[in-house]
Amino acid sequence: MWMTPKRIKMEVDEALVFRPEWTQRYLVVEPPEGDGALCLVCRRLVASTRERDVRRHYEAEHEFYERFVGEEERAALVERLRQGDLSMAAAFTPEERAARAGLGLCRLLALKGRGWGEGDFVHQCMEVLLREVLPDHVGVLEGIDLSPEITRQRILSIDSNLRNQLFNRARDFKAYSLALDDQAFVAYENYLLVFIRGVGHDLEVQEDLLTIINLTHHFSVGALMSAILEALQTAGLSLQRMVGLTTTHTLRMIGENSGLVSYMREKAVSPNCWNVIHYSGFLHLELLSSYDIDVNQIINTISEWIVMIKTRGVRRPEFQPLLTESESEHGERVNGRCLNNWLRRGKTLKLIFSLRKEIEAFLVSVGATTVHFTDKQWLCDFGFLVDIMDYLRELSEELQITKVFAAAAFDRICAFEGKLNSFQTHIEENNLTDFPALSIVVDELKQQFKEDQKIFDPDRYQMVISRLQKDFERHFKDLRFIKKDLELFSNPFSFKPEYAPISVRVELTKLQANTDLWNEYRVKDLGQFYAGLSAESYPIIKGVAYKVASLFDSNQICEKAFSYLTRNQHTLSQPLTDEHLQALFRVATTEMDPRWDDLVRERSESNP
């Protein structure tokens with residue numbers, strides 16, 4: 001469920017309270033410390049007490065116990081598990097346990113971005129460990145095969161299992177939205193990652209990777225459209241249930257006459273006369289906006305510095321924090337595009353700015369040009385870029401907060417637009433309070449050029465901020481179009497019926513007059529409230545809830561994919577089919593757990 005700010009302080013947050021009925025249903029108990037849910041079977045702690053997370057653990061790990069159906073059977077099962085009787089778990093043969101272990105290790109290799117061939121190394125490490133610590137148990141490794149080919153097949157099996165779970169849930173979606181991210185560059189090929197966010201009848205959100213599309217093979221917008229429609233059809237979804245699209249702001253996505261968004265909006269007709277809501281720039285916000293701010297191609301210059309440091313200054317102690325962060329983000333080897341994208345993150349630029357004196361000294365020592373350090377305009381542009389990109393980074397991190405509705409995300413965007421207005425005014429007044437890096441540069445230049453009265457040009461930066469304001473206005477204009485719907489959804493009891501659409505006024509008046517619903521609204525989060533709202537009594541309001549809840553309220557899943565790509569660029573650049581690449585991205589971004597029992601059963605059936 002999605003958590004939004006409460007209207008009043010609650011004594012107990014019902015969304016995070018252990019429920020006694022879960023003990024028989026999911027075989028968990030409340031732990032002594034009171035946080036999470038303790039599994040009676042595997043004795044693992046499920047950190048969250050949202051029913052969705054508890055249910056997913058049970059379905060993924062202990063589906064075997066579904067055979068105990070009757071209430072008395074379940075009660076007896078719980079009692080035996082409480083006493084530590086796990087004899088029924090022995091239903092797994094040694095071969096099945098070895099298969100489960102092999103599948104789990106292959107999934108871990110994929111999550112960490114390790115190559116197929118590293119499974120054998122892991123097997124050798126475990127063998128050495130067991131020979132020294134538990135010599136009597138070395139034999140258990142005989143049934144665990146981690147050869148490259150087996151690892152590759154198992155990753156595909158896990159991907160198929162996760163995809164089937166997604167498709168089963170997708171058939172029950174009341175509404176869904178797509179996120180299209182075309183910033184995935186693997187080796188020399190460009191991919192479109194298609195993510196889906198759907199809402200079921202109980203308003204439970206599901207976000208996952210739907211498919212990846214190789215843009216080298218699907219260059220035209222028509223070919224892209226066909227590939228997306230095919231993926232939706234395979235998932236059992238119709239375009240009529242699509243409510244929103246969130247994309248990057250590349251021409252391929254938002255071109256006025258030939259962009260993919262235009263094609264999809266023409267094809268999709270949402271119920272209740274809603275047009276498909278589109279907002280671009282939501283993905284990689286700080287990355288894409290920086291192209292408008294980087295007025296002096298500063299990123300390209302800094303990229304050259306970083307490459308030189310990584311080749312000729314790697315042992316210098318002053319650069320160790322920078323190199324450590326670089327390797328943690330994208331490994332030792334990285335292509336130029338990923339390096340530039342990494343540098344466009346505000347946090348990284350701040351670190352480089354703090355090392356500018358050390359970098360200048362290093363460039364002098366290796367005989368490289370230092371002309372930029374004597375260019376007043378370039379230095380001021382550098383300081384301004386550092387400050388603005390840091391603000392964009394903060395906004396991007398706020399937009400990665402999950403389990404809020406689109407209304408909350410839109411509020412953050414509006415708040416940032418207010419900041420831009422303030423920046424515009426302060427720059428005009430030569431007030432650099434909001435620009436600490438630019439202020440430092442200006443102070444240094446004033447000491448260096450005491451006779452120069454004009455160190456920086458405020459008009460130059462006002463123009464950049466104005467361009468950024470127009471970009472935000474353009475990218476999120478559709479959210480402004482449904483602003484009243486978002487407000488009605490977030491605050492149904494305080495929204496004045498006369499401002500609501502005519503079709504919903506009767507239901508809204510009826511809702512606001514219901515004391516019981518008001519009491520529920522006060523103590524529940526919005527997801528719980530709308531999940532319990534009667535679809536028969538309030539069909540239009542419930543329909544609006546499905547649509548608003550299905551809009552992407554966070555870019556976190558796209559950021560997970562982007563981080564996985566940049567960290568593991570070297571591994572992903574190895575010869576991989578599109579099918580294997582999709583499997584790796586799905587394993588890296590999904591919140592679902594594979595259903596291990598199904599995977600083991602499939603393996604047993606294929607190898608009788």
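Residues are numbered from 1 along each chain as its sequence is written, and side-chain values use heavy atoms, with hydrogens and water left out. As the model is predicted, local features need pLDDT of at least 70 and side-chain atom pairs count only at pLDDT 80 or more, while totals for chains, interfaces and linings use all residues.

**View 1. An open sheet of five strands has the order 6-5-4-7-8.** Its pairing is mixed. Strand 6 (205–214) and strand 8 (277–280) stand at the edges with a single partner strand each, so one side of each has no neighbour in the sheet. On average, neighbouring strands here are turned by 20° against each other, direction ignored. Helices (H or I, at least four residues) and strands (E, at least two) are DSSP runs, numbered from the N terminus; two strands pair if DSSP finds at least two bridges between them.

**View 2. Strand 4 (residues 175–186) is largely enclosed by the rest of the structure.** Why is strand 4 described that way? Twelve of its twelve residues are buried, where buried means under 20% relative accessible area, exposed over 50%, and partly exposed in between (1.4 Å probe, protein chains only). Ten bridges join strand 4 to the antiparallel strand 5 (residues 189–199), with Val-199 as the bridge partner of Ala-175. Five bridges link strand 4 to strand 7 (residues 242–247), and these two run parallel. Here, Ala-179 stands opposite Thr-246 in strand 7.

**View 3. Helix 7 and helix 28 lie across strands of the sheet.** Helix 7 (residues 221–234) lies across strand 4, strand 5 and strand 6, at about 140° to strand 6. Helix 28 (residues 578–589) also lies across strand 4, strand 5 and strand 6, running at about 160° to strand 6. Axes are lines fitted to C-alpha atoms, for helices over the stretch in contact, and angles run from 0 to 180 degrees between N-to-C directions.

**View 4. Ser-550 is found in helix 25.** Is Ser-550 buried or exposed? At 0% relative accessibility, Ser-550 counts as buried. Leaving aside neighbours within four places in sequence, Ser-550 is in contact (heavy atoms within 4.5 Å) with Ala-175, Tyr-176, Ser-177, Arg-197, Val-199 and Val-243.
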